[in-house]
Amino acid sequence: MRFAERSGGVRQGNLSTGVRVEVAEVAETSVNMTKDQAEQDAIARWRALPVLQRQTFAQAAAFAGELEAEFDFRTMGNTRRVLTAWLIRDIVRGQEPVKKAG
């Protein structure tokens, strides 16, 4: 996630002269993303966590709660529940044995 997405698009800081500056950044936001885009982004962020932080359903639910505020996609269900379901499905798929070809 880029800085502008976390801060609402405005970066504040001090130059070496000590003058306070505000720089508006054009940033890609999660607003009005498609459901497929949201799923891909959620799974990518989930997989970026250390393995020990993404092993249980409770961890998936907690992480979905953190993502909920950042994701705006159309769904007939509760956004947090949809995010949680995607993350839990990723956990379960990771536990399935790999089938050998042939």
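Trainee: Is the crossing of helix 3 past helix 4 right-handed or left-handed?
Mentor: Helix 3 passes helix 4 in a right-handed crossing, meaning that the near helix is turned clockwise from the far one by less than a right angle. This is a predicted model, in which local features need pLDDT of at least 70 and side-chain atom pairs count only at pLDDT 80 or more, while totals for chains, interfaces and linings use all residues. Residues are numbered from 1 along each chain as its sequence is written, and side-chain values use heavy atoms, without hydrogens and water.

Trainee: At what angle do the axes cross?
Mentor: The axes of helix 3 (residues 57-68) and helix 4 (residues 79-95) cross at roughly 140 degrees and come within 8 Å.

Trainee: Which residues in helix 3 meet helix 4?
Mentor: From helix 3 they include F57, F63 and L67, and the helix 4 side includes L83, L87 and I91, where contact means heavy atoms within 4.5 Å. By class, the contact of helix 3 with helix 4 has 11 nonpolar, three polar and two charged residues.

Trainee: Changing topic, is E66 buried or exposed?
Mentor: E66, which is in helix 3, counts as exposed at 54% relative accessibility (exposed is over 50%, buried under 20%).

Note on methods: Axes are lines fitted to C-alpha atoms, for helices over the stretch in contact, and angles run from 0 to 180 degrees between N-to-C directions. Helices (H or I, at least four residues) and strands (E, at least two) are DSSP runs, numbered from the N terminus. Ala, Val, Leu, Ile, Met, Phe, Trp, Tyr, Cys and Pro count as nonpolar, Asp, Glu, Lys and Arg as charged, and the others, Gly among them, as polar. Buried means under 20% relative accessible area, exposed over 50%, partly exposed in between (1.4 Å probe, protein chains only).
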